[in-house]
Amino acid sequence: MWIQPEEVLLAGALWVSERANPFFILQRRRGHGRGGGLSGLLVGTLDVVLDSSARVAPYRILLQTADSQIFWNIACGSSRKEITEHWDWLESNLLQTISIFDNDEDITTFVKGKISGIIAEENRPADSEEQEEDSGKFREAELKMRRLFGMPDEEKLVNYYSCSYWKGRVPRQGWLYLSVNHLCFYSFLLGKEVTLVVPWTEVTQLDKNATLLFPESVRVSTRLTEHFFSMFLNINDTFKLMEQLANIAMRQLLDNEAFAADRSLPKPCKTLKNVSALKRDLDARAKNERYRAMFRLTQDERLDGHTDCTLWTPFAKMHVVGQLFISNNYICFNSREEDLCQLIIPLREVTIVEKADSSSVLPCPVSISTKNKMNFLFANLKDRDFLVQRISDFLQRTPDSSWGDTSPLALIGHSTSNIHSASAGSESISRGRHYHPGLPTASCGLLQLYHQDTPEDLGPKAMKEKMKEESWNIHFSEFGRGVCMYRTSRTRDLVLNGIPECLRGELWLLFSGAQNEMATHPGYYGDLVEQAMGLCSLATEEIERDLHRSMPEHRAFQNETGIAALRRVLTAYAHRNPGIGYCQAMNIVTSVLLLYCTEEQAFWLLVALCERMLPDYYNTRVVGALVDQGVFEELTRAFLPLLYEHMQQLGVISTISLSWFLTLFLSVMPFDSAVLLVDCFFYEGIKVIFQVALAVLHDNMDALLSCSDEGEAMTILGRYLDNVVNKQTVAPPTPHLHALLTSGDEPPPEIDVFDLIKSSYEKFGTLRSDVIEQMRFKQRLKVIQSLEDTAKRSVVRAVMTESAFSIEELEELYCLFKSKHMTSCYWGSTSSAAERHDPSLPYLEQYRIDSAQFTQLFISLAPWVCGGHTPTLAARLFRLLDQNQDGLVNFKEFITGLTGMYHGDMTEKLKLLYKLHLPPALCPEEAESALEATHFFTDDLSKDSSFLSDMDSVAQQEVTSGEEVKDGGGDSEDKKRGQGEGLQVLPEDVGH
């Protein structure tokens, strides 16, 4: 490619001149291509180790003048063909022109200007954002990666690192290239070349470890082998990027969705050296994920920036040091000291942002006021003016949804009677809807409905409940109420002591972040219900089947009011998220939500559970629950090693943990006790579920160690959980069906749920959310690859009976077929891979490929190769196998075609070949061209009727006499034409 002219002082160092004329020299890098001897080997090794080849391609063209010792590098090329094209262009376009210049300086100026103009012209049409942002060196490294590993232009490089790849016990120094879809390594040392390409979708394990043999290395494991990389400049950054890319690949395997670069990412102020736009994108995604997880925000929230600051806390009368985060819809604060203070301020609640007076005690303060009359004072801000400007920019984009379409001023002058009559009219219209404000469950939870007529309880338990309510009211008066409440360790203590029933729905919404989503999507749930009701699908059938199995022991679900509300919430969510639809256990969790929340609140809590707090738990393969099951096994091995070994032998952990996690203990523990764990879960997240699960195993350790089989261990744990009681509950006890099935002769001692929760924090409270996320990543790789292996075995078993291929051959063919499907995810194709992938189909029909991909596989695999006609044959076979004519072929159809070619007998192969020359294999265009050829010959025949009649008589004589016609040396061309025309008249003869 043409490059901006660069000055070169030593033209001969490390280079060999191959062509020359009075003004230009074409040179090749020593060590590139054949020959070169020892010096060539050393230069080639130097280029790889120091990455000089990423800056200097193996070929270049220099501009020289007779009187100057300075050379100018004006072009470089990665191949001889590329550099030769540039050389030919110079000779034909510039050589004659510059020969007429008298002054060498004029020649140099003219050529440099011409080359710069060419570069500007080339860059103008292909002016993409990514090309603008990526540095020149990085773009050259990306081109080098594609050349070395044969990658198409669609494969984007994220970053590259110098490191050592351990091949056996010998380290090979080279360069590791991390692209969106592949891990690649290249090394060239003393004539020995090492090339490695590993698709991220094949990675089964990714570890960072340090051993005597491999000092601080990264291990990349696949199904067949392990690769070790070490000697990184910054191993932590490299490993984090590897984790991100492997996570993206696992998401592709789950959802068949390609990686989409973030086009809305703000451009950097200046081009960052050796940092690609994709690397910036991935770094921003990682920060966004941490930010959203920290404050329980929605998936579309993007962090704009963060800065150190202090927050004045009126409840503690002190300034708390921490960080201020700003995103498109929120201002958030988190203290440096854990659990000291956390704050979330939605911009929709902000009324005033102003710069307060600065002083030595309170430097650079900013005051933020909200609609509920709360005031927050931030200080010690480094760039206060810029911060206030950014908040103002976001406030201008924030719609004021609190008044709906009516502004506060618009209501002035209207009588209350007019407003009342208008609302009454709208209510009468809404009566025909499936969901409307008149429904009992639209205004309160099911428990409140059934407690309306109950006389007030003045017993000790009721008084305890009143005291809890009063404690929370005092907390609200000190720390605020609603989304802008200060969240401190005091808040957590109140949650661990149990949330009062009357506040449970409100606080669940607050702590889960569902309150924010509901506030920003008014009317969304009602519209979803209207769209979903009456539609029939697999999800709605499963919902109807499970409705009456959802807490049948509770009176709220023994009538149509509760059942109808549950139906509406589950159906609306299945309509919102068809990828999940409905999964068993969602009904149990949703039933509990409806007891304390309105329908709309329960819906948004379900959204928070399924899409943020329990990711991938409720999809078709319950991947998230299986991942957390693996995390639980790892935690058991770390905290309870003796018990872990014994439980693994019995196979108990994998059996029990799935039901514990999927229903948050609601299906295995009495309702009044389990709902307290749900309180803690909405505040603390998944870590509290792990803590309680470990505490349950710890309390039963002695009994479990003495078990001899799985059934005995399950009985011990089942009876223990059945007897976890809540002695403070006000409601009458709800019968627990599981307890009725597992109760024995001697009732085991009761366990107070508050003691269990307290014990879990004392013994396992050191668990951190970030550590759990790291463990989840490792388990996700194992789980998804294990599910893929299971799917492969299922497909092979299903196809094996109809195919003559061996099991090993079928497995290899399946991997090839699936890889073709996956490449269309990230390298593009005529149709989207996500559209082709239908998880509801059997495994052997889920992955499908189009005609172009089928042709590639046919050329590489099929035994019928016929030169230039091979693509035509492949296209015909594709049309023959595509029975439903949707332009796609699944694995079963693919194997059917290959089986006929490889293992059919001669008759079957001839039949297949014959079918390839008939519709539907013969496309309409081919059939039409054949018809045109027939008409062409027919027209030629009709033009020479006299000749035809002569040949007819000859043909008749031959047929009647029965004598063999012999060639007596006449015109052979006339004879051939007569034979051809004889075939045309045979039907007429038969007619006679």
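1. Leaving aside neighbours within four places in sequence, V589 is in contact with L609, Y618, L662, T663 and L666. This is a predicted model, and in it V589 belongs to helix α20, which covers residues 586-596. V589 counts as buried because its relative accessibility is 3%, and the cut-off for that word is under 20% relative accessible area. The C-alpha atom of V589 is separated by 8.2 Å from that of L606, a residue 17 places away along the chain.

2. For the chain as a whole, the secondary structure comes to 41 helices and 23 strands. Of the 992 residues in the protein chain, 48% are buried, and the exposed surface comes to about 49,500 Å², with carbon and sulfur atoms supplying 53% of it. When contacts between residues at least 6 apart in sequence are considered, 65% of them join residues at least 24 apart.

3. The aromatic side chains deserve a paragraph of their own. A pair of aromatic rings is described by the distance of the centres and the angle of the planes. The count of aromatic pairs comes to 41. One of these is formed by F632 and W660, a tilted pair with 6.4 Å from centre to centre and 55 degrees between the planes. Because F632 lies in helix α22 (residues 623-639) and W660 in helix α24 (residues 653-662), the pair ties together parts that are 28 residues apart in sequence. Both F632 and W660 are buried.

4. A further pair is made by F681 and F682, whose ring centres are 5.6 Å apart and whose planes meet at 55 degrees, so this pair is tilted. F681 is buried, with a relative accessible area of 0%, and F682 is likewise buried, with a relative accessible area of 0%. Elsewhere, ring pairs link Y814, F817, F854, F858, F878, F891 and F894 into a cluster.

5. Which charged ends sit over the rings of W15 and W72? Over the ring of W15 sits the charged end of R60, 4.0 Å from the ring centre, while the ring of W72 has the charged end of K112 over it, 3.8 Å from its centre.

6. L10 is placed in the loop between β1 (2-8) and β2 (15-20), and L10 counts as exposed because its relative accessibility is 63%, where the cut-off for exposed is over 50%.

7. Most residues other than glycine have a negative phi, and most peptide bonds are trans. M231, although not a glycine, has a positive phi of about 60 degrees; M231 lies in the loop between β12 (226-230) and α8 (235-255), and M231 is exposed, with a relative accessible area of 55%. K373 is also not a glycine and has a positive phi of about 65 degrees; its place is in the loop between β18 (366-370) and β19 (375-379), and K373 is exposed, with a relative accessible area of 78%.

8. Where does P920 lie? P920 is found in the loop between α38 (906-915) and α39 (924-943), and the peptide bond that runs from P919 to P920 is cis, with omega near 5 degrees.

Notes. Residues numbered from 1 in each chain as written. Predicted model: local features only at pLDDT ≥ 70, side-chain atom pairs only at ≥ 80, totals over all residues. Heavy atoms only, no water. Helix = DSSP H or I, 4+ residues; strand = E, 2+ residues; numbered from the N terminus. Buried < 20%, exposed > 50% of the residue type's maximum accessible area, 1.4 Å probe, protein only. Phe/Tyr/Trp six-rings, centres within 6.5 Å; stacked < 30°, edge-to-face > 60°. Lys NZ or Arg CZ within 6 Å of the ring centre and 35° of its normal. Contact = heavy atoms within 4.5 Å. Areas by Shrake-Rupley, 256 points an atom, 1.4 Å probe, with all protein chains shown as cover.
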